[in-house]
2 protein chains.
Amino acid sequence: MQDLAAYTNALENEINQIDFPQHPSNLYDPLRYFMALGGKRMRPILTLLGTELFGNSKESAIHAAVAIEVFHNFSLIHDDIMDEAPLRRNKETVHTKWNRNIAILSGDVLLVKAYQLLAKQNNEHLPALLHLFNQTAIEVCEGQQMDMDFETRKDVSIEDYVEMIRLKTSVLLGCALEIGAIIANVSESNRRHIYDFGQHIGIAFQIQDDILDLYADPEKFGKQVGGDVIANKKTLLNLKAFELADTEQKEILHQLSGTNDLNFKVEKTRELYDQLGARTACEKIMQAHYDLAMTALNELEVDAAAKEPLIGLADFLMMREV
Amino acid sequence: MQDLAAYTNALENEINQIDFPQHPSNLYDPLRYFMALGGKRMRPILTLLGTELFGNSKESAIHAAVAIEVFHNFSLIHDDIMDEAPLRRNKETVHTKWNRNIAILSGDVLLVKAYQLLAKQNNEHLPALLHLFNQTAIEVCEGQQMDMDFETRKDVSIEDYVEMIRLKTSVLLGCALEIGAIIANVSESNRRHIYDFGQHIGIAFQIQDDILDLYADPEKFGKQVGGDVIANKKTLLNLKAFELADTEQKEILHQLSGTNDLNFKVEKTRELYDQLGARTACEKIMQAHYDLAMTALNELEVDAAAKEPLIGLADFLMMREV
């Protein structure tokens, strides 16, 4: 693995070259704006790592990598409308800065742009790339729909929840890596292992997100600790707590969800979660997916040295405190 | 050309086989519902005709034909949100029957489904099919954005308007035909001619739509005659009338646009348009595009007999009274 900057520089350079015409400006200004908001570019980096892992140059997969990033941004623009989110990366969302119709339509164009970028890869890879990309795009939408459905459902199980985060966020990590592998012409089994690695790391990462929201160090955490509790959001912690709680404890959790004193709400909820062992139970599920990711990585038929960047990445993702 | 029923039967059969899973039902029920609303299936028929024209069987292009229809339905679902349209084909639109978020997300999935269908064609055609399809999809979005922009713009020219309808509706007809030609492995020049035929027939068809809205026989017309005038919609007739009007006549048109007596509004507007020669001027533009379509058809290097279905279709489209 080269320095991270080598990857992000190559990606930003390619992102800057995406053809967004001047007219109609209401369609393309939002896309120029949104793509420039930045972000970690984690998904396209996975594509570059996924092809380098098998001895390919990162340049060979650069269009497909940017296609993944463009797809991710399309899904953010549309998700932000659905979630009525005013901000993304501390800047106004597209539907806030322009309007909802413009956000719908510019999102649509961005999805097509992802296909244009994907189609810039060699023709020989196109059928396999399209097949995986289409399947993943559909799953991401399914995950978003499940997430919306959960808001009003009262019977969400742990399995439902993990399946939701798998679809909504994790399959795209598996896809990003496997796209790199496809471009490196690797075997079906290597493709499956690298996909599984990405998918399980993605699930573990999301579970950690849920845990950090309540247990992060307020000094280091960029946003309010306990935001999910305050918003009464269904998270793995919350579902696990309800699963472990007896009737009386469930009643307390219900009462807490209606409390206006937010500090009290967060503190008492954390106290009860700890008492129930919700955090430990969630960490166990997270660890199980981390282990599955490592098993998949072990089964990859490449030199151990080549796997190090991915192990490093996985550990970096899992050891974060923010 | 076989009986029209042979085409629609083949298409409906293929449409019924599209894989819409049972879950999440809020994502896929709207798609089952919307795809079953029917419609003339004009665009996919063009794809089948476009491939038969060059001696191919219609079966060879059936997946791509349905991809075009699926794309068209995606754009209708999203346009209906943007236009806040309560009805489509006399049934509730998706955002009315379910909600806006579901309409955004199920539309997104439908766009991906179009790519899945396109990818079912032979791999050898995939790069050319994707290139044309992506370009067209982007143009359709650009046309929709221009249409939305026109609502508040005061300086829309005839050229702007024709460019808007070209992008919003006509390029998809050209694309539908050319996709059939690509699958028939024809020359670049034949591909261009068939595309141009579709595009210009599409423009002529849309202009006729604008004219019929005010001049159709109320006995035969399925909806209220003068609907565009009542809604103060910018149409070619309206733009042409303003172009031809003197200051005094412009003032009358402005006054009419604020009139509450709708019969009076429609009658007086029609009277003034006639006086200005707006209808004749629009028919001239329509005829010019019809002629361009016929020129393109003439230049196609296939037997005259093979062209007859397309001439028949063009005449059918242009002679309609509804």
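Predicted model: local features only at pLDDT ≥ 70, side-chain atom pairs only at ≥ 80, totals over all residues.
Among the contacts in chain A with a separation of 6 or more, 72% join residues 24 or more positions apart.

Zooming in, a pair of helices shows how parts of the chain pack together. Two packed helices are described by the angle between their axes and the distance between the axes. For helix α2 (residues 25-35) and helix α6 (residues 100-118) of chain A, the axes come within 9 Å and cross at roughly 70°. Angles of 65 to 115 degrees count as roughly perpendicular, and α2(A) and α6(A) are therefore roughly perpendicular to each other. On the α2(A) side, the contact is made by Asn26(A), Leu27(A), Pro30(A) and Leu31(A). The α6(A) side brings Ile102(A), Ala103(A), Leu105(A), Ser106(A), Val109(A) and Leu110(A). Sorted by class, this contact has eight nonpolar residues, two polar ones and no charged ones.

Arg43(A) sits in helix α3 (residues 42-52) of chain A. With 24 other C-beta atoms within 10 Å, Arg43(A) is buried. Leaving aside residues up to four places away in sequence, Arg43(A) touches Ile68(A), Glu69(A), His72(A), Leu172(A), Leu173(A) and Ala176(A). Glu69(A) lies 26 residues from Arg43(A) in sequence, yet their C-alpha atoms are 6.3 Å apart in space.

Finally, the view widens to both chains. In all, 31 residues of chain A are in contact with 31 residues of chain B. On the side of chain A that touches chain B, α2, α4 (62-82), α6 and α7 (126-150) each supply at least two residues. Helix α7(A) gives the most, with 14 residues. That side of chain A divides into 19 nonpolar, nine polar and three charged residues. Chain A is superposed on chain B by a rotation of 180° with 0.0 Å of shift along its axis (RMSD 0.0 Å). The two copies are thus related as by a two-fold rotation axis. Because 100% of the interface residues of chain A are also interface residues in chain B, the copies meet through the same surface.

Key: Residues numbered from 1 in each chain as written. Chains lettered and ligands numbered in written order. Axes fitted to C-alpha atoms, helices over the stretch in contact; angles between N-to-C directions. Helix = DSSP H or I, 4+ residues; strand = E, 2+ residues; numbered from the N terminus. Parallel < 35°, antiparallel > 145°, perpendicular 65-115°, else oblique. Contact = placed C-beta atoms within 7 Å. Nonpolar A, V, L, I, M, F, W, Y, C, P; charged D, E, K, R; others polar. Least-squares fit on C-alpha atoms with pLDDT ≥ 70 in both. Buried ≥ 20, exposed ≤ 12 C-beta atoms within 10 Å, placed from the backbone.
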